[in-house]
Amino acid sequence: SNPKISSANSMLFARANGNATILPNGEIFINGGTSFDELNFSNFDAEIYNPFDEKSKLMSKAYFRRNYHGSSLLLPNGTILVSGGDVWNSEIFYPPYLFTKNWDGETVLASRPRVINLNKTVARGKIEIELDRNYPLNIGKFTIIPTGSVTHAQGVEPKFRSLKFTKKNKNKFVVEIPENKNELQNGLYMIFAISMDGTPSEGKIVNLK
């Protein structure tokens, strides 16, 4: 009843018609758009904004401009599908959380938690999630994000929640879905298990009803 509104730090680039996509860890992938004129001032630089410390990190450049009618959508494997605008093709963005360094300092794919048992239809309240015991990663959190729908340079379902959870045994967890429909509406969602170092599992699609 008493909302607090404050200014956050600016993004790295001015953008009109850019896209913002919530990632499994709660950070936001921002790409595309233009700083003034679409043909001459398109923004090819992507960035990831951390709403927890209000800092942005510069990411790789895109190969194609993504302006009006461009779209970006989180896929269940944790990558981002970037498409459209006035360019009729798609690109895939791989966020940094999918990679790590090996003993030789080489960049390699990170070991990820893996959800092996979760009902396709879930109700509100407590649900059980089983992870693969061959991935002995400490779990830092579980998150839930809609499967998504984008149009006209905006995501129309930008809901994100970290879910309360308790550990039942070595690889089973009890996760709580909010009872209040004002917090989380019925529909299709992806649930992610995220390790202590921020590496997400692949998202499991569930129908919340």
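How do the residues of the lining of the largest pocket divide into nonpolar, polar and charged? Keep that in mind as you start the tour. The model on screen is predicted.

**Stop 1: the largest pocket.** Its volume is about 250 Å³. Select Lys61, Ala62, Glu91, Ile92 and Phe93, the closest to the pocket's centre among the 18 residues that line it. β7 gives the largest share, three residues. Colour the lining by residue type and the opening question is settled: 10 residues are nonpolar, four are polar and four are charged.

**Stop 2: the second largest pocket.** This one has a volume of about 170 Å³. Select Tyr135, Pro136, Leu137, Lys167 and Lys170. They lie nearest its centre, out of 13 lining residues. The lining here holds seven nonpolar, two polar and four charged residues.

**Stop 3: strand β18.** Select residues 172-177 and show the side chains, which alternate along the strand. Phe173, Val175 and Ile177 point to one face and are buried.

**Stop 4: the partners of β18.** Select β12, residues 125-131. This strand runs antiparallel to β18, and six bridges join the two. Find Glu128, which stands opposite Val174. Next, select β17, residues 165-167. Three bridges join β17 to β18, again antiparallel. Here Phe165 stands opposite Val175. Finish on the hairpin that β17 and β18 form, with four residues between them.

Conventions. Residues numbered from 1 in each chain as written. Predicted model: local features only at pLDDT ≥ 70, side-chain atom pairs only at ≥ 80, totals over all residues. Heavy atoms only, no water. Buried < 20%, exposed > 50% of the residue type's maximum accessible area, 1.4 Å probe, protein only. Pairing = 2+ DSSP bridges. 1 Å grid on protein atoms, 1.4 Å probe; cavity = no way out; pocket = protein on both sides within 12 Å on 5 of 7 lines; lining within 4 Å. Points joined across faces, edges and corners; volume = space filled by probe spheres on them. Nonpolar A, V, L, I, M, F, W, Y, C, P; charged D, E, K, R; others polar.
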